[in-house]
Amino acid sequence: MTETTPEPTSKKLFIKTYGCQMNVYDSDRMADALAPHGYEPVQAAEDADLVVLNTCHIREKASEKVFSEIGRLREMRDERRLTGGDLMIGVAGCVAQAEGDEIVRRAPAVNLVFGPQSYHRLPELLARAHNGARVVDTDFPEEDKFEHLPAAKKEVTLKRGLTAFLTVQEGCDKFCSFCVVPYTRGSETSRPLEQVLREAETLAEGGVRELTLLGQNVNAYHGLDSRGRTVGLGELCYRLSLIPGIARIRYTTSHPLDMTDELIEMHRDLDALMPYLHLPIQSGSDAILRSMNRRHTVAEYMAVIERIKTARPDMAMSGDFIVGFPGETDADFEATMQVVREVGYASAYTFKYSIRPGTPGATMENQVPEAKKAERLTRINEQINTQMHAFHRSVVGRTLPVLIEKPGRHPGQIGGRSPYLQAVHMDGPTRLIGQIIPVEIVEARNNSLIGKIVTVAEPNPASVIESQAIAAHI
Ligand code: SAH
Ligand code: SF4
Ligand code: F3S
């Protein structure tokens, strides 16, 4: 018999987010979808009536974590039941999409399982779960979920800070042979231009100054405008830059094959587009790239980088690397190290290849032994760390425009980011939060920079408008 969990009167929601930035964005949207139903976000599972695990399936470790977390929540729920309390447990995200029913079978404590395309249905799914049903929804519905997801209220956006993620594209049609994303997120879709602009305007009204556009292949964006014309990511960035308040635009993650001329030219022409680009290559060996089904060679990737650097010479590059893909020889790995050095990445994410059931890589012969993978990971990480520190040191002495985002760790300090996504700490008043000010970089630490404010802040836009209005009357 299924048990009924009456809707609690004080509804407190805790969402635990794993995986990529898209999940971070989705978690906020789930919270926004539940806000009109009386769910208030809290900071810990202990304080919540509903806990949603927003999961990631990309590597085995990420995926397995979910089940240990469910176990912990079940214990908490059982304890609460002794005193008449309860807890609802939901599993969302890419593990939910990939495993569906299997989650409820393996972990009966879970009340609802729902995939990334069902988030707009969350209130309804939750109501069914409260009526005692075990709910599993991993459909790819016809309707556009974004049309049905409410935008965050201005007060909520204000609380979330000055920088925001905004998903503009979802899913992937590329089917790299190691990757689960095409299965968990479905095929590539782009949100219509006006829908993205509307959401960005709302964010800007809530104080957001920097947008990071998200997509599994964000530069494959091809949204329709109101006249039915297809708009690429370059034009989207331009249109977003016209929104009052939006000063900086970033995007992630890009695929080398989708770096169009239009987008690259935008990096030359549009100041708001920040000079930091995440462009994964995964491996520096053509044989491995072929077997990964990446559909480009190392030379083609290098040619893309050259076009980018011609357009924007100071572009800081970032990337992703997988070591130990099946069949990767020492020579293949050395070729990867060569690419790391040649591109001179300012940062990069590195992973040991993880077998994902259902992907072509899982059944490939010549799987690389774990010890070999670990050894290669250590070496590539050492190289990338060295380059990252060198990059940090290279900006010492320069004056960079820093977006001040928050108070610092110590009183009298503030913190922000350089155009190259580096964290910068400095002495300064918190009234500068939200402004972009010139900061001289005086020191490079391991993961951040120390700066000194050079001039007092740019004039407040409101006072500029006011003084123009006054000038017009003189
Ligand atoms: N769409 C992006 C990547 C999204 S997944 C792209 O094409 O670049 C994020 C990163 O996780 C990938 O770039 C890859 O480096 C890593 N990754 C994906 N599947 C993996 C696997 N099976 N094992 C190890 N790392 C993996
Ligand atoms: Fe995965 Fe490849 Fe698609 Fe990136 S491009 S999401 S790595 S299948
Ligand atoms: Fe993970 Fe899904 Fe993102 S598998 S990396 S949460 S798209």
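1. Threonine 253 lies in the loop that runs between strand 13 (248-252) and helix 11; helices (H or I, at least four residues) and strands (E, at least two) are DSSP runs, numbered from the N terminus. The peptide bond joining threonine 252 and threonine 253 is cis, with omega about 0°.

2. On conventions, this is a predicted model in which local features need pLDDT of at least 70 and side-chain atom pairs count only at pLDDT 80 or more, while totals for chains, interfaces and linings use all residues. Residues are numbered from 1 along each chain as its sequence is written, chains are lettered from A and ligands numbered from 1 in the order in which they are written, and side-chain values use heavy atoms, with hydrogens and water left out.

3. Asparagine 293 is located between helix 12 (286-291) and helix 13 (298-311). Its phi is near 60°, a positive value in a residue other than glycine.

4. Ligand 1 has 15 residues around it, of which Phe178, Gln216, Gln282, Asp320 and Ser354 come nearest; a residue is near a molecule or strand if one of its heavy atoms lies within 4 Å of it. By class, this shell holds 6 nonpolar, 4 polar and 5 charged residues. Ala, Val, Leu, Ile, Met, Phe, Trp, Tyr, Cys and Pro count as nonpolar, Asp, Glu, Lys and Arg as charged, and the others, Gly among them, as polar. Strand 15 (316-323) and strand 16 (347-352) each supply at least two residues of the shell.

5. Individual atom pairs can be given for ligand 1. An N or O atom in the side chain of aspartate 320 is 2.6 Å from an oxygen atom of ligand 1. Nitrogen atoms of the ligand are also involved: one lies 3.0 Å from a backbone N or O atom of phenylalanine 178, and a backbone N or O atom of serine 354 lies 2.8 Å from a nitrogen atom of ligand 1. Taken alone, ligand 1 exposes 550 Å², and the protein buries 90% of that (Shrake-Rupley method with a 1.4 Å probe).

6. Around ligand 2 are Cys172, Lys174, Phe175, Cys176, Phe178, Cys179, Val181, Pro182, Asn217, His255 and Arg294. That shell divides into 7 nonpolar, 2 polar and 2 charged residues.

7. The surroundings of ligand 3 include Cys20, Cys56 and Cys94, together with His57, Arg185 and Gln216. Its shell has 4 nonpolar, 4 polar and 1 charged residues.

8. Helix 9 (residues 193-205) packs with helix 10 (residues 233-241) at an angle of about 35°, their axes 10 Å apart; axes are lines fitted to C-alpha atoms, for helices over the stretch in contact, and angles run from 0 to 180 degrees between N-to-C directions. Leu193, Val196, Leu197 and Ala200 of helix 9 meet Leu236, Arg239 and Leu240 of helix 10 (contact means heavy atoms within 4.5 Å). This contact comprises 6 nonpolar, no polar and 1 charged residues.

9. Helix 10 also meets helix 11 (residues 261-269): the axes come within 7 Å and cross at roughly 35°. Leu233, Gly234, Glu235 and Tyr238 in helix 10 face Glu262, Leu263 and Met266 in helix 11 in this contact, whose residues divide into 4 nonpolar, 1 polar and 2 charged.

Terms used. A polar contact is a pair of N or O atoms within 3.5 Å; within protein, one must be able to donate a hydrogen and the other to accept it, and residues adjacent in sequence count only if both atoms are side-chain atoms.
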